[in-house]
Amino acid sequence: MFATRRLFQPFATRVTLFTRPGCGLCDQGKANLSQVWDRRPFAYAEENVDAQGSKWRDLYDFDVPVIHISRSEAPPEDVSTASKAIKLMHRFTPAEVEAKMDVAEQKI
């Protein structure tokens, strides 16, 4: 879905997708993220909330897909700080993702 980028061009933002297998909304969310990637590449991580031992299941079990958007150098996603995350839930458009990326890039 996302091509490898040259090391000397770091990504400004990271997008973490919280998903589960067989989720139609998640598939649409991935397609929208792919459209954004084509215009504005970003670091990408994916968390399966159904994975055994997932710390995200209690938080996002009924809300997938969810994306967190942060600066690429920010610490990894953590359940304890999820309420402060820049996020979009359920249905989101490429334009909404890019608007949230703008917000994340403004954070110091």
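1. Contact here means heavy atoms within 4.5 Å. Leaving aside residues up to four places away in sequence, Ile67 touches Val15, Thr16, Leu17, Leu33, Ile86, Lys87, Leu88, Phe92 and Val97.

2. This is a predicted model, in which local features need pLDDT of at least 70 and side-chain atom pairs count only at pLDDT 80 or more, while totals for chains, interfaces and linings use all residues. Residues are numbered from 1 along each chain as its sequence is written, and side-chain values use heavy atoms, with hydrogens and water left out.

3. A nonpolar core is a set of buried Ala, Val, Leu, Ile, Met, Phe, Trp, Tyr and Cys residues joined through side-chain atoms within 4.5 Å, where buried means under 20% relative accessible area, exposed over 50% and partly exposed in between (1.4 Å probe, protein chains only). The largest such core has 14 residues, of which Leu33, Phe42, Ile67, Ile69 and Val97 touch the most other members. A second, separate core of nine residues includes Cys23, Trp56, Val64 and Val66.

4. Rings of Phe, Tyr and Trp (its six-membered ring) pair if their centres lie within 6.5 Å, and planes under 30 degrees apart count as stacked, over 60 as edge-to-face and the rest as tilted. Phe11 and Trp37 form a tilted one, at 5.7 Å centre to centre and 50 degrees between the planes; Phe11 is partly exposed, at 23% relative accessible area, whereas Trp37 is buried at 9%.

5. Phe18 and Trp56 also form a tilted pair, at 4.5 Å centre to centre with 50 degrees between the planes, and both residues are buried.
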